[in-house]
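Trainee: I'd like to learn how to read side-chain contacts and strand pairing in a model. Can we go through one together?

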Amino acid sequence: MPVPGGLSSLSTVAASNFPDGATELPSVLDNYERTTQALLKRAVSGNPTTISATLTLSIGDDYGYLEVSGSGEVIAIDDTFGWFGREVTLRFAAAATLSHSSNFVLPGSTQIITTAGDTPKFVRRTAGVWECVSYEPRSGSGDYRSMQVFTSSSSWNKPAGLKRIKVTVVGSGGGSGGCAATGAGEVAAAGGGAGGGWAVKTIPASSLSSSVTVTVGAGGTAAAAGANAGGTGGASSFGAYLQAAGGAGGAGSANSNAAPLLGSSGAVPGDGSGGDYNATGESGGIGIGSPSQNVAYGGKGGFSLGGGGGESNRTATTTTGVNGRGFGSGASGAASAQNQSASGGSAGAAGGVIVEEFF
């Protein structure tokens, strides 16, 4: 009986392998041995089996790598020969449509249109459920290499060899309100500025112009001394691709002998738009005070992606509040206890734009 000298000595046809049936081995074991060799050869063959892109992919029972032809829709993998942890790698030859479902789990839970050469790997998690654990585009989506952080308006220039970028824009925070002068038995407590919104978007290099205008919104201005509102934060944007509005300024506060003093409604936050993900900042807090206890608190500043807003401070005298902390956050409001001069507010934090580059 010839002994295989290596995998190249094996055949993908069971009858061409050894033992050949003329040995002392029982015929059932003989067939088993030759079939096992055929399975091994097919599993590592340099010429993988090709299947068609149909609604349910028929992957067979002995292949770990398959070529997929055609441009049909795929919604499932045949589970006839599935077992827990089985892995199968597919290489698509055309633009097939992969549709996500609870039994055919795709990255991001979204539909994928393949391109020739795309290679996803699927793992059987449980009965009937196959999950795509990796997806390698033939063209390559690029590796992260660099980041540009814009804290003031400028322009971004597309570098050579770029595959895609991930852009995050953050609108600026609102400024806080000011307080009127107070007399005996009176307090004042202004509102905090709201946080700016933010948006995130991945953009392929082919969709980008050679230069993109980057706009970073300025922080909302502090209110002038007196019952004046803070300024609204400026919007940030990356060209026309995505934008984020700034947060509104906090309301000013007149003096009051009400017990307790409650400020007006919180400042309205900014919203992101145009991104794959859009978010809203936090509203500005309202000011509160108690004439009988001679204490006042300015409203807290709203947070944004860059961090928390200015914190609310307790005062038995007067405070102008605290500027926005992280970029895009609002300032906390001014506050005054009894017998204080008019006070102004504080400024919101500027927004920002972050561009991550993949080559």
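Predicted model: local features only at pLDDT ≥ 70, side-chain atom pairs only at ≥ 80, totals over all residues.

Trainee: Let's start with charges. How many salt bridges does the structure hold?

Mentor: The general idea is that side chains of opposite charge can pair when their charged atoms come close. Here the structure holds seven salt bridges. One of them joins Glu87 and Lys121, at 3.8 Å from N to O. That pair links distant parts of the chain, with Glu87 in strand E6 (residues 87–92) and Lys121 in strand E10 (residues 119–126), 34 residues apart.

Trainee: Which strands does E10 pair with?

Mentor: E10 runs antiparallel to E6, with three bridges joining them. In that pairing, Glu87 stands opposite Val123 of E10. E10 is also joined to strand E11 (residues 129–136), by seven bridges, and these two run antiparallel as well. There, Lys121 stands opposite Ser134 in E11.

Trainee: What lies between E10 and E11?

Mentor: The two strands form a hairpin with two residues between them, and Gly128 in the turn has a positive phi of about 80 degrees. For another salt bridge, look at Glu131 and Arg125, whose side chains meet at 2.9 Å, N to O. Glu131 is partly exposed at 27% relative accessible area, and Arg125 is partly exposed at 39%.

Trainee: Which residue forms a salt bridge with Lys300?

Mentor: Its partner is Glu282, with the closest N and O atoms 3.0 Å apart. Both ends of this one sit in loops: Lys300 between strands E24 (295–297) and E25 (314–315), Glu282 between strands E22 (277–279) and E23 (288–290), so the bridge ties together parts 18 residues apart in sequence. Lys300 is partly exposed, with a relative accessible area of 36%, and Glu282 is partly exposed too, at 24%.

Trainee: Now the rings. How many aromatic pairs does the structure hold?

Mentor: A pair of aromatic rings is described by the distance of the centres and the angle of the planes. There are three aromatic pairs here. Phe104 and Phe122 are stacked, 5.0 Å centre to centre with 15 degrees between the planes. This pair links distant parts of the chain: Phe104 is in strand E8 (residues 104–105) and Phe122 in E10, 18 residues apart. Phe104 and Phe122 are buried. Phe238 and Tyr241, on the other hand, form a tilted pair, at 5.8 Å centre to centre and 40 degrees between the planes.

Trainee: Where do Phe238 and Tyr241 stand on accessibility?

Mentor: Phe238 is buried, at 0% relative accessible area, whereas Tyr241 is partly exposed, at 23%. Together with Trp156, they form one aromatic cluster.

Trainee: Which charged residue lies over the face of Phe358?

Mentor: That's Arg164, at 3.9 Å from the ring centre.

Trainee: And the surface? Which residues make the nonpolar patch?

Mentor: Tyr144, Met147 and Val149 make a nonpolar surface patch of about 300 Å². You'll find Val149 in strand E12 (residues 144–150).

Notes. Residues numbered from 1 in each chain as written. Heavy atoms only, no water. Patch = residues over 30% accessible without salt bridge, like charges linked within 9 Å, V, L, I, M, F, W, Y side chains within 5 Å. Areas by Shrake-Rupley, 256 points an atom, 1.4 Å probe, with all protein chains shown as cover. Salt bridge = Lys/Arg side-chain N within 4 Å of Asp/Glu carboxyl O. Helix = DSSP H or I, 4+ residues; strand = E, 2+ residues; numbered from the N terminus. Buried < 20%, exposed > 50% of the residue type's maximum accessible area, 1.4 Å probe, protein only. Phe/Tyr/Trp six-rings, centres within 6.5 Å; stacked < 30°, edge-to-face > 60°. Lys NZ or Arg CZ within 6 Å of the ring centre and 35° of its normal. Pairing = 2+ DSSP bridges.
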